[in-house]
Amino acid sequence: MIKALVAGAGGRMGGRIIASLEDQEGIALAGAFEKRGHSTVGQDAGVTAGVGSRGIPVVERLETIIAGGDVVIDFTDPEASLRHVEIAAENGKAMVVGTTGMSAEQQQELERAARKIPIVFAPNTSVGVNLLFKVLSDVAPILGDAYDVEIFESHHRFKKDAPSG
């Protein structure tokens, strides 16, 4: 059984990730953490995610739970994700990073860390968006420079970094 540690457990994506772990075979929630002072710190991670009590409190620091996990799942923000990657690398833990808005330099930091630990970096995990990326890579060379194509991206009003991915 893979033991997952979820970053940003009190946020929109963190809660969805915790909830989605309920339906997956071979992986289970082993820990959850949030930034210092977040309102969910100390609460049960399952309760905050809407799946009922799991006996796993949301803590403030990844360092306090890193030993109990195999993989850190992080969809937070670029600076936090890179701190978490550093901690994971120091402890030999894998990472799944779905954080959007990383600069080229921040992505290079991820690449360097990926030489030490397994990292999946997918700033957009939407099937539709990834299908669109594939289609665009096929269509763009055919259209060439004769066309100007514009893609409009919209999100819910709570999205912190739009466009994303």
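D138 and K134 sit four residues apart in helix 5, so about one helical turn separates them. In this predicted model, their side chains pair up in a salt bridge, with an N to O distance of 3.1 Å. Both ends get some solvent: D138 is partly exposed, at 40% relative accessible area, and K134 is partly exposed too, at 46%.

That pair is one of four salt bridges in the structure. Another joins the side chains of E22 and R54, at 2.7 Å from N to O. Here E22 comes from the loop between helix 1 (12–21) and strand 2 (27–33), while R54 comes from the loop between helix 2 (45–49) and strand 3 (58–59), so the bridge ties together parts that are 32 residues apart in sequence. E22 counts as partly exposed, at 36% relative accessibility, and R54 is likewise partly exposed, with 34%.

R36 and E60 make a further salt bridge through their side chains, this time at 3.9 Å, N to O. R36 is exposed, with a relative accessible area of 61%, whereas E60 is partly exposed, at 32%.

Beyond its neighbours within four places in sequence, L62 is in contact with L5, F33, V72, H84 and I87.

One of the contacts of L62 is H84, a residue of helix 3 (residues 78–90). H84 is buried, since its relative accessible area is 11%, under the 20% cut-off. Its side chain still finds a polar partner, making a polar contact with the side chain of D74 at 2.4 Å. Leaving out residues up to four places away in sequence, H84 touches A7, F33, L62, D74, T76 and M95.

Back at the surface, L132, L136, Y147, V149 and I151 form a nonpolar patch, with about 470 Å² of accessible area together. Of these, I151 lies in the segment after helix 5 (127–143).

Terms used
Residues are numbered from 1 along each chain as its sequence is written. This is a predicted model: local features need pLDDT of at least 70, side-chain atom pairs count only at pLDDT 80 or more; totals for chains, interfaces and linings use all residues. Side-chain values use heavy atoms; hydrogens and water are left out. Helices (H or I, at least four residues) and strands (E, at least two) are DSSP runs, numbered from the N terminus. Buried means under 20% relative accessible area, exposed over 50%, partly exposed in between (1.4 Å probe, protein chains only). A polar contact is a pair of N or O atoms within 3.5 Å; within protein, one must be able to donate a hydrogen and the other to accept it, and residues adjacent in sequence count only if both atoms are side-chain atoms. Contact means heavy atoms within 4.5 Å. Patches are made of residues with over 30% relative accessible area and no salt bridge: like charges are joined within 9 Å, nonpolar side chains (Val, Leu, Ile, Met, Phe, Trp, Tyr) within 5 Å. Accessible areas come from the Shrake-Rupley method with a 1.4 Å probe; for residues, only the protein chains shown count as cover.
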